[in-house]
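Reader: I am new to this structure and would like a close look at a single part of it. Please take me through one group of charged side chains, step by step.

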Amino acid sequence: MDILERIRGGGDKPAAMETPRRPESWVEISESVSRLCSFDAGGGGAVSVKLIQDDRMAHDKLVDSFLNKFFPSGYPYSVNEGYLTYTKFRALQHFSSAMLHVLSTQSLLFAAGLRPTPAQATAVSWILKDGMQHAGKLICSGMGARMDSEPKSWRIFADVLYDFGTALDFISPLCPQLFLEVAGLGNFAKGMAVVAARATRLPIYSSFAKEGNLSDLFAKGEAISTLFNVMGIGAGIGLSSTVCSTTQGKLIIGPLLSAVHIWGVVQEMRATPINTLNPQRTAMVVADFIKSGKVSSPAELRYREDLLFPNRLIVEAGSVKVGQPLRRVLSPRHVEELRSIFPNEKFLLTQKSDKAYMVLEQSATGEDALRGWLVAAFASEMERSGAGPRDTVLNDAYQKMESVFPVFVSEVKSRGWYTGQFLDGNHSRIAYAKSE
């Protein structure tokens, strides 16, 4: 009994027994299995767990089990738009690639004078990957910055290189006297393909991560790749024992599988909504803003990206060419003039022929690139409307950019674009020397 009750006259009557609290309980859901958990009534902190009856049909259980093994937790709400399309074509790509691999290995062994079984062809393939393949990896490793800028194009290029190496394997039995040369060149191409494919994997997976779940995405993506690689190897072994047991058969089936392979990876990349700014995506964002006053999101822009010629110039965005060496596009006098037009900016912009050349400072971000692109687009628009040559309207275009940029960049960020970095590959940038 507390002191307040005693003061009010409660006396020293024995306190009534308090009704024990009802044990707290909750339901835990993990991998589609629900468990009822509660603290034991006797105290001590022990927890009792009871499996809740699962009344789902066997088909539903199988589907949920598959999703848990091969899709990120919380799918589809934990990933960005396009992940399912990307995954479907990724599975097709790996399936066809694995089949091509088995058939090409068998062709190499035929060219070497061996008559292996399909199982032997699969086992010996690891030996044939060494040598020239390592040289290809070393050469391609120096192109990492370009892959950061255009991961989709480089991913497609990687698969084209791989299929080129596979084609050389297929024709090697036709020229056994050149076995080492043909097989070496094929593995050299495959070595470059391996580096390009692995280097572009992280930015592609990152584009789908929605809830900080990059590791989960990566793990589930690799699980799908492994599953369909194994299935493709099995199908390849079946083909190599039947219709592709001869070189003629491989020369018929091989191009068909290669076409499916390349088509799959192209569709896979088109579904990927990468949100970093590179020259092409920046120009497209600016062009849409100039034409409609709206900013497109990465998901809206993905199917319009040019994956074969990513460096094409977009007229509506000012036909900007970025990253040329400063010494090639500007004279020293012109540099000072432009720095006075663009004070405190991390870009310089000039006009030559029908193109605008933009040079960025070393520390320039995506926002700086957007500012420069907007100036070029406004200047081009004014020039087409008869306001004068582009060089003479740069100052007016710059003032117009300053007035709209706060609203524009706010919309860019709200649409999901990352503006903290501008990925222009290995293009040239400048850093002004500090005056003493």
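Author: In this predicted model, the side chains of Arg90 and Glu222 come together in a salt bridge, with 3.1 Å from N to O. Arg90 belongs to helix H3, which covers residues 83-111, while Glu222 belongs to helix H10, which covers residues 214-241, so this pair ties together parts that lie 132 residues apart in sequence. The two partners can also be described by their accessibility: Arg90 is buried, its relative accessible area being 5%, whereas Glu222, at 22% relative accessibility, counts as partly exposed. The line between these two classes is drawn at 20% relative accessible area, under which a residue is called buried, and that is why Glu222 with its 22% is placed among the partly exposed residues.

Glu268 is buried, with a relative accessible area of 0%.

Turning back to Glu222, its side chain also meets that of Arg201 in a salt bridge, at 3.4 Å from N to O. Arg201 lies in helix H9 (residues 201-206) and Glu222 in helix H10, so that this pair, too, links distant parts of the chain, 21 residues apart. Arg201 is partly exposed, and its relative accessible area is 23%.

Taken together, Arg90, Arg201, Glu222 and Glu268 are linked in a network of salt bridges. For the structure as a whole, the count of salt bridges is 18.

A different kind of link, the disulfide, is a covalent bond between the sulfur atoms of two cysteines. A search of the whole structure for disulfides finds zero. Among the cysteines, Cys175 is buried at a relative accessible area of 15%, and Cys244 is buried at 0%.

Terms used: Residues numbered from 1 in each chain as written. Predicted model: local features only at pLDDT ≥ 70, side-chain atom pairs only at ≥ 80, totals over all residues. Heavy atoms only, no water. Salt bridge = Lys/Arg side-chain N within 4 Å of Asp/Glu carboxyl O. Helix = DSSP H or I, 4+ residues; strand = E, 2+ residues; numbered from the N terminus. Buried < 20%, exposed > 50% of the residue type's maximum accessible area, 1.4 Å probe, protein only. Disulfide = S-S within 2.5 Å.
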